[in-house]
Amino acid sequence: MSYLSVAGLNKRFDAILVLDSISLDVAEGEFVCVLGPTNSGKSTLLKTIAGLHRADSGAITIAGQDVTGVDPARRDVSLLFQNIALFPDRNGFENIAFALRQARTSPENIRRRVFEVAELLRITHLLDRQPRTYSGGEQQRVAIGRAIARRSKLLLLDEPLSNLDARIRLDLRIEFRRLHRALGQTFLYVTHDQAEALSLADRVVVLNGGKIQQIGDPDEVYDFPSNRFVAEFVGAPSMNLIPARWLETNEGHVNIAGPGFQIPSPNGVSRGQLPERILLGIRPEELRVAIHVAPETPFPALVRWIEHYGSRAVLGIEFGGGIVKALVSSDHFALAEGPVWLGFSPRAEHLLDIERDIFLSPNGD
Amino acid sequence: MMTKLKLRGISKNFGRGAVVRDLDLDVADEEFVALLGPSGCGKSTTLSIIAGFEQPDAGELQLDGKTITAWAPQQRNIGLVFQDYALFTRMTVRDNLEFGLKVRRIASSERKRRLSEFVERLGLGDILEHRSSSLNMSEMQKVALARALIVGPSVILLDEPMSNLDSAVRARLRTELKLIQKEFRQTVLYVTHDQIEAMTMADRIAVMRDGAIEQIGTPREIYDRPRNRFVAEFIGEPAINLIKGHIDEAGNVSTEPHGLVKSRQNWRYSGDLLLGIRPFDVLAKRTPDATTVPAVITDIENLGAEQVVHFPYGRQLICAVVPRRFSRVGETLHVAFDFANVHAIDPSNGEVISNGTEATANRRGVEVRQ
């Protein structure tokens, strides 16, 4: 049964529809990430669930109770924001204890809870220090402590890692996963960062223009994107989308052709399914790159630039009048600017019907 | 190649202590150098000193062979791009681009020529008459860069220009910025806390900590041959594993779960050490063999193209990068390391003893001598 249920939520700011018929169910104890670019409506959705915004229409249910019109303080939710707002004149202990004191928790229970939380977050040494002595990562740990101390059933997190140094962001990311397991709370986590969403979430909700584009577990969203937006937004580097059209061969087979290539269409794709204009989706790690021509790599191309990631590298390759990107191991022999040979075997589910903005379904129906 | 920008013995104190300590740095003509380090390492102060907004307490600054240490900011032929762009928001893109040329009293015919050249090469034609307040973040970034480029500065300084952007926009701009820098052969000094930005764009990276440069080198050098623990940990994602181990007099390495492992390497070291092993170099297999120890997966991070599996190793938590959909939480995998891949670190001072030469040679595609 779903713990949080959002049904037909609409929200307008002036003329702009920021939430467009949002419906979403989150199970108890689930970790759900709402992923979208700036202005996709993801923070508005979170704030509406928290009760900080009122929806124009639609309903929000938490633990079976309709809370649509309920005061934020009376919803059993905790919030953690991107901007860390610790009380500067209170030490770590008092910052974490804040919500507990408001809830009139007994002093011994406050003490016990604060220490539990501090141990979980490894910040016991920060409890009697003032926030100004903390580093950025320490501040955010204490802020997390404050958000989870009350043990509300639902934790709403709004880009909690965005303002931190890249390295701290990475260290804290895995921490959220561990925290979630240790606490058993339901997490709704908003982010613009597809790496955070993929690595953290049980399920990802992809939002754009106030509309849900897709809901699925990280592998589903990565393997079976529902439309072009999801295909390009999820995955780094982005999926290559190469313009193509279908061709009937003399033998009656269907080929897919584009600038500089012609390949057999994937198994299970019939002529009837293929629209006139398609985009061929190839994940950068699925692109084959070789320095010699071979049956597996028949198409000439040119490496224009190389981006180093350490053990991996991304090649920017000129092919068919455009640029495609390949993700390769950094000991890959094509790791130099110059001519290479490419090959790819598209999957049926990565053929995009441009007109209808949908991918062909994997089963051919 | 000619040195464009030269820093010698630059130091700066702000009351509480040294922010920049005796810093030397050379940036060659047409080079892209990244100053990389955590918050508070002194990288932005260094940039301010080069721009002339701060005076160093000691040291000398040279640009194009001239000593400019005491020059006012506007006398230095330096372009700037900041995190918040500082565009004139009430002006159009055209006015923003022309501003610097007018200040420098460039003749109107030359202004026109340069403007049309930059608009064409940077593809700004569609937004030229737009007010800069109406631009999106990535357009703003491009205009800020164009404004810096158009006056033909000796060097452009960029201070965390992408910090406020979404990660998808950031990824796209990294590629664009690098291509523009190469096309215009512009000398660039780029300040960032994000090792991915430094790795993907810079010709050389200067890793800073506590006001000093820990190491300077190409992205491959910094990644493959870190000089110390700080650099090893700061570069690379996921972060390097640091495993407690021991080397005996005979050169054999032991870790708690693996016990003694014979190694052919000449470590020139014995005693306790930290074995720095990149998650990409940890072998996690489905079936055990003589080299492996079992590991129960406790966490998985999905990276899209690959996955990171986390597991206890002895009393430590470490991780490995494996193919996507390879494993799941609770599964037992069998892990091993190739000691040729190990960055051996002296735990007493954090210095790297050995960088596993065979592995790094392999990574660079160089043939290994047997």
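Strands count as paired if DSSP finds at least two bridges between them; helices (H or I, at least four residues) and strands (E, at least two) are DSSP runs numbered from the N terminus. The hairpin of S9(B) and S10(B) has two residues between its strands, and there Asp210(B) takes a positive phi near 45°.

A word on the source: this is a predicted model, in which local features need pLDDT of at least 70 and side-chain atom pairs count only at pLDDT 80 or more, whereas totals for chains, interfaces and linings use all residues. Residues are numbered from 1 along each chain as its sequence is written, with chains lettered from A and ligands numbered from 1 in the order in which they are written.

Chain B contains nine helices and 22 strands. Its C-alpha atoms fill a box of roughly 75 × 45 × 45 Å along the principal axes.

Next, an open sheet. In chain B, three strands lie in the order S15-S20-S16 with antiparallel pairing. Strands S15 (282-285) and S16 (293-296) are the edges, each pairing on one side only. Four bridges join S16(B) to S20(B), residues 332-337, and Ala295(B) has Leu333(B) as its bridge partner in S20(B).

I turn to the contact between chains. Here 36 residues of chain B are in contact with 37 residues of chain A, contact meaning that C-beta atoms, placed from the backbone, lie within 7 Å. On the side of chain B that touches chain A, helix H5 (167-184) is among the elements giving two or more residues; H5(B) gives the most, with six.

Finally, the interior. Of the 370 residues of chain B, 43% count as buried, that is, with 20 or more other C-beta atoms within 10 Å of their own, the C-beta atoms being placed from the backbone. The largest nonpolar core has 195 residues, and Leu189(B) and Val309(B) are among those with the most contacts inside it. Such a core is a set of buried Ala, Val, Leu, Ile, Met, Phe, Trp, Tyr and Cys residues joined through C-beta atoms within 7 Å. Helix H4 (residues 137-150) of chain B gives the most to this core, with eight residues. Beyond its neighbours within four places in sequence, Leu189(B) is in contact with residues including Leu5(B), Val33(B), Ile50(B) and Leu157(B).

Terms used
Two residues are in contact if their C-beta atoms, placed from the backbone, lie within 7 Å. A residue is buried if 20 or more other C-beta atoms lie within 10 Å of its own, exposed if 12 or fewer, and partly exposed in between; C-beta atoms are placed from the backbone.
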